[in-house]
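Reader: I've got the sequence and the model open side by side. Could you walk me through the fold, one question at a time?

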Amino acid sequence: MLTNLHVKNLALIDEAEVEFGPGLNILTGETGAGKSILIGSINAALGKKISREMIRTGETSALVELVFETENPHVLELLKEMDLEAEEGQVIISRKITGSRSVCRINGEACNISQVKALASLLLDIHGQHEHQSLLYPDRQIAILDAFAGTEAATAKGEVRALYQEWKNVRKELSAYELDEEARKREAAFLTFEINEIDQAELKDEALETAYRKMGHAKKIAESLQTVYAITGYGAENSAGEQVGRAIRELQQAAVYDDALSGPSQTLSDIDGLLNDFNREISAYLSELTFSEEEYYETEKRLDEINRLKAKYGKTMEEIAAYREEQQKKLEKLENFESCRAALQEQLQKTEQKLDAAAHNLSKIRRNYAKRLETQIIEGLRDLNFLHVAFEISFEKTKSYTENGTDAVEFLISTNPGEAIRPLAKVVSGGELSRIMLAIKTILADRDETETLIFDEIDTGISGRTAQKFTQKMAQIGQRHQVICITHLPQIAAMADS
């Protein structure tokens, strides 16, 4: 649950600290007191877009910090995936907002907005003043039904989603076979040309560029090495070799009189040996530094060809080889056009059969749970002073497959006796929508693992006896979850645990 909220320099708030407890937490006060800013600050900490103008006038930055205590295994697992730990189940999310950027942290570690949002979705659910309007959209209605159906629907939806993606991929691949014979011939000729061009280049010698660079600078290399040889070799009066030789002779004469000099004498002899080896290597390199103009020209020509192919097919030899392999596969498909198309059509048919069966199974699960949800929503609405309510969940089949199956779901309602049942959007007022949403939230609360639910003035348009009923539902949710609620209604405020 959310235990602490710390806000600094945000909007009209200089600095505020709020401690929340379990059960029903109420924030109340007159309009303009700053209730919604507290909820807005929670949204800001959890990654919602926020204007830099929200920084308190005269300040350069704002800070929001949330402290949660949780035992939810899904939260702990997600933290582990992020390489973060929750010490004794504590999760601290903070966001610092400046004029140019914002920085998010989870338990002190910098993170991105998407990580914060992923974690927030498991920690709490915020129901804003106008969110009940989302009830009017079919996508939201089917999501509510799936949430009610729980794991059974989630597993079936996962299977449908995977098969739908496979079905889409096969259809896309099959669409590439919608070519007439002339187009196939042109495509095959083009692929053959590219494959042959790459093959004829024989792209195997990766040392070619090194060899070309060596040839192009052979004169400079030779001049430098001859100078090095003259400095380090033997023969010249002041060369390193001659100087070291002279030093060895002098040191050997001195060592005759003191055995302690035998070590340095041996070291200098080793240096002389290394210098000899070095000069032999330089001499051998110089003797091999010969090539013909024809060899240089051929190397240059081959490099030009390789660079031309790189510009067409890939920046490296590996990329060119991968491109050639890809074109070869396309050519083989064209050469075996009819058999490949027939195989894909068969694959599409089999995938479609599996998808249809999975979608049918998902629909069956939904219809089964829809009857139970209808009953529970009717009971919940009667508790909220809808005395003569009728409620149904209608199903229609979509024109094509979707990743959500083949169900188009719509909530239908009648709130007065004798009134025909009609789509939600054509019947209810704002206050009625609030009550319907609360009834649904109460039903889903038993199935929801989210520990904290926040309601921001969802009691709009409610008063009297209905407000009392509304309060009882809110308290009922508070028995299983931490609830934080902004309200103007004294009936609701009176039920607060905090």
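Reader: Over how many bridges do β3 and strand β13 pair, and in which sense?

Author: Some ground rules before we start: this is a predicted model, where local features need pLDDT of at least 70, side-chain atom pairs count only at pLDDT 80 or more, and totals for chains, interfaces and linings use all residues. Residues are numbered from 1 along each chain as its sequence is written, and side-chain values use heavy atoms, with hydrogens and water left out. Strands here are DSSP runs of E with at least two residues, helices are runs of H or I with at least four, both numbered from the N terminus, and two strands pair if DSSP finds at least two bridges between them. For β3 and β13 (residues 482-486), the pairing is parallel and the count is 4 bridges.

Reader: Which residue is the bridge partner of L27 in β13?

Author: L27 falls within β3, which covers 24-27. Look across to β13, residues 482-486. The bridge partner of L27 there is I486.

Reader: What is the strand order in the sheet that holds β3, and which strands stand at the edges?

Author: This is an open sheet of 4 strands with parallel pairing, in the order β3-β13-β12-β8. The neighbouring strands are turned by 15° against each other on average, direction ignored. Two strands have a single partner each, so one side of each is left without a neighbour in the sheet: the edges are β3 and β8 (124-127).

Reader: Which helix packs on that sheet, touching β3, β12 and β13?

Author: Look at residues 464-478 for this one. The helix direction makes about 145° with that of β13 (angles run from 0 to 180 degrees between N-to-C directions, with axes fitted to C-alpha atoms, for helices over the stretch in contact). The helix is α14.

Reader: How do α2 and α3 run relative to each other?

Author: The axes of α2 (residues 73-81) and α3 (residues 113-123) come within 9 Å and cross at roughly 165°. Angles under 35 degrees count as roughly parallel, over 145 as roughly antiparallel, 65 to 115 as roughly perpendicular and the rest as oblique. The two helices, α2 and α3, are therefore roughly antiparallel.

Reader: Which residues of α2 and α3 make the contact?

Author: Contact means heavy atoms within 4.5 Å. On the α2 side you'll find H74, V75, L78 and L79, and on the α3 side A118, L119, L122 and L123.

Reader: Where is M82, and is it buried or exposed?

Author: M82 sits in the loop between α2 and β5. Leaving aside neighbours within four places in sequence, M82 is in contact with I106 and Q115. The cut-offs are under 20% relative accessible area for buried, over 50% for exposed and partly exposed in between, using a 1.4 Å probe and protein chains only. At 16% relative accessibility, M82 counts as buried.

Reader: What is the relative accessible area of D83?

Author: D83 is in that loop between α2 and β5 (90-98) too. Its phi is positive, about 60°, although D83 is not a glycine. D83 is exposed, with a relative accessible area of 72%.

Reader: Which residue takes a positive phi in the hairpin of β6 and β7?

Author: β6 (102-106) and β7 (109-111) are linked by a loop, and they pair in the antiparallel sense over 3 bridges. R105 stands opposite A110 in β7. The hairpin has 2 residues between the strands, and the one with a positive phi near 50° is N107.

Reader: How many residues join β5 to β6 in their hairpin?

Author: β5 and β6 pair in the antiparallel sense over 5 bridges. One of the bridge pairs is R95 with C104 in β6. The hairpin goes through 3 residues.

Reader: What share of the protein's residues count as buried?

Author: The secondary structure comes to 15 helices and 13 strands. Out of 498 residues, the share that counts as buried is 41%.
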